[in-house]
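Me: I'd like to learn how to read strands, helices and pockets from a model. Could you walk me through this one?

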Amino acid sequence: MGTYYTEKEVLQDFYSYWEKIYPPLEDFHRNWLAKNAQILRVKKGQVLYESDHQQENLYIVLRGLLVKERYTICNNNKQILTVALPNMGFFTTMHYYSHSPALGDIVAVRPGIVLQIPYKKIKPYRNNDKGIDTLLQLLMHKKKYQLDHLRAMDGITLATDRLFYLADNLPDLYRNLSRQELARLLLTSESSIYRAKNLFLRRKNSR
């Protein structure tokens, strides 16, 4: 049985996180979030956004795990494009300033709690409030950092080497994704992930 979190508890954790990146966090920011964000309790497999449907929302993970995924004909499976762990987010457009739909559906692969904030609630405060700007900039930086490393992995041929790269450079993904999810992210089989993880553990223990 999983741990149950109240909405008050997860919001307080998020405020504490926000305060670390923007120390003068004020009651205004808490009130703004409480007024403009919708708290969603999501189930495993729940689709929050489909890439062929127009949306302008920001989703921030408080608990659980979201992915962007798309169906690939070549392996008849759903490829994971990017991952959002707690205190990370997804935009439903290519980026915050874009009107082009984001690639891939946004899906919950763990039960959890997510904040949904419409762009229209953010826009009046962009470049007018440093606390909100700082939060958005960090979310965009985390997205870019992950995408840069995932693109770098595209040039690595062997599945074992791709897993080693992921474990070294994106350790949170390595720790939090299941074997099946890693296979969908790295475009390989679960058996290849199993062998690569064993090799990685042996390499780690031999150091």
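**Reading the sheet and the pocket**

Reply: Happy to! Let's start with a pair of strands: strand β3 (residues 57-63) and strand β8 (residues 112-118) pair in the antiparallel sense over 6 bridges. The model is predicted, with local features needing pLDDT of at least 70 and side-chain atom pairs pLDDT 80 or more, while totals for chains, interfaces and linings use all residues. Residues are numbered from 1 along each chain as its sequence is written, and side-chain values use heavy atoms, leaving out hydrogens and water.

Me: What does pairing mean, and which residue of β8 is the bridge partner of Ile60?

Reply: Strands of a sheet pair through backbone hydrogen bonds, either parallel or antiparallel. Two strands count as paired if DSSP finds at least two bridges between them; strands (E, at least two residues) and helices (H or I, at least four) are DSSP runs, numbered from the N terminus. Here, Ile60 has Leu115 in β8 as its bridge partner.

Me: In what order do the strands of the open sheet come?

Reply: The order is β1-β8-β3-β6, 4 strands with antiparallel pairing. β1 (38-42) and β6 (89-91) stand at the edges with a single partner strand each, so one side of each has no neighbour in the sheet. On average, neighbouring strands are turned by 25 degrees against each other, direction ignored.

Me: Which strands does helix α1 lie across?

Reply: Helix α1 (residues 7-21) lies across β1, β3 and β8, at about 105 degrees to β3. Such angles run from 0 to 180 degrees between N-to-C directions, with axes fitted to C-alpha atoms, for helices over the stretch in contact. Helix α2 (residues 27-36) also packs on the sheet, touching β1 and β8 (contact means heavy atoms within 4.5 Å), and makes about 95 degrees with the direction of β8.

Me: How is a pocket found, and what lines the largest pocket?

Reply: On a 1 Å grid over the protein atoms alone, a pocket is an open set of points with protein on both sides within 12 Å along at least five of seven lines, and lining residues have an atom within 4 Å of a point. The largest pocket is lined by 22 residues, with Leu81, Thr82, Leu147, Leu150 and Arg151 nearest its centre. α4 gives the most to this lining, with 6 residues.

Me: Which other pairing involves β7?

Reply: β7 pairs with β4 in the antiparallel sense over 4 bridges, and the bridge partner of Val67 in β7 is Val107.

Key:
On a 1 Å grid over the protein atoms alone, a cavity is a set of points where a 1.4 Å probe fits but cannot get out, and a pocket is an open set with protein on both sides within 12 Å along at least five of seven lines; lining residues have an atom within 4 Å of a point.
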